[in-house]
Amino acid sequence: MVKLHNSKSYALIVGAILFLIGFLGFAFRNYFNLPDSYLLLNLVLGFWGIILGTAKK
């Protein structure tokens, strides 16, 4: 089990969740009642979290 005390694992998990919400929101627009700006924000923040979570530093 991944401990959330580590900021890298937290950024990776939250980034993946945000990215999936944004990606699925654009893929299935009929089922998501969110504005496009929120979906785009989820994609950008999620991608940024994934990059920060997988960084070596």
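1. Ground rules. Residues are numbered from 1 along each chain as its sequence is written, and side-chain values use heavy atoms, with hydrogens and water left out. As the model is predicted, local features need pLDDT of at least 70 and side-chain atom pairs count only at pLDDT 80 or more, while totals for chains, interfaces and linings use all residues.

2. Helix α1. This one runs over residues 7-27, 21 residues in total. Helices here are DSSP runs (H or I, at least four residues), numbered from the N terminus. From first C-alpha to last, α1 reaches 30 Å, close to the 30 Å expected at 1.5 Å a residue; the expected span is 1.5 Å times one less than the number of residues.

3. The start of α1. A side-chain oxygen of N6 comes to within 3.3 Å of the backbone nitrogen of K8.

4. The buried side. S9, G15, G22 and G25 of α1 are buried, and the buried residues of this helix pack against α2 (36-54). Buried means under 20% relative accessible area, exposed over 50%, and partly exposed in between (1.4 Å probe, protein chains only). S9 counts as buried because its relative accessibility is 12%. Look along the chain from S9 and L52 is 43 residues away, yet their C-alpha atoms are separated by 9.4 Å.

5. N42, seen from α2. N42 lies in helix α2 and, at 15% relative accessibility, counts as buried. What does N42 touch, leaving aside its neighbours within four places in sequence? The answer is L18, F19, I21 and G22, with contact meaning heavy atoms within 4.5 Å.

6. The aromatic pair. There is 1 in the structure: F19 and F23, stacked, at 6.4 Å centre to centre and 10° between the planes. Rings of Phe, Tyr and Trp (its six-membered ring) pair if their centres lie within 6.5 Å; planes under 30 degrees apart count as stacked, over 60 as edge-to-face and the rest as tilted. Both F19 and F23 sit in α1, 4 residues apart, about one turn of the helix. F19 is partly exposed at 29% relative accessibility, and F23 is partly exposed too, with a relative accessible area of 49%.

Key
Helix = DSSP H or I, 4+ residues; strand = E, 2+ residues; numbered from the N terminus. Polar contact = N/O pair within 3.5 Å; in protein donor to acceptor, adjacent residues only side chain to side chain.
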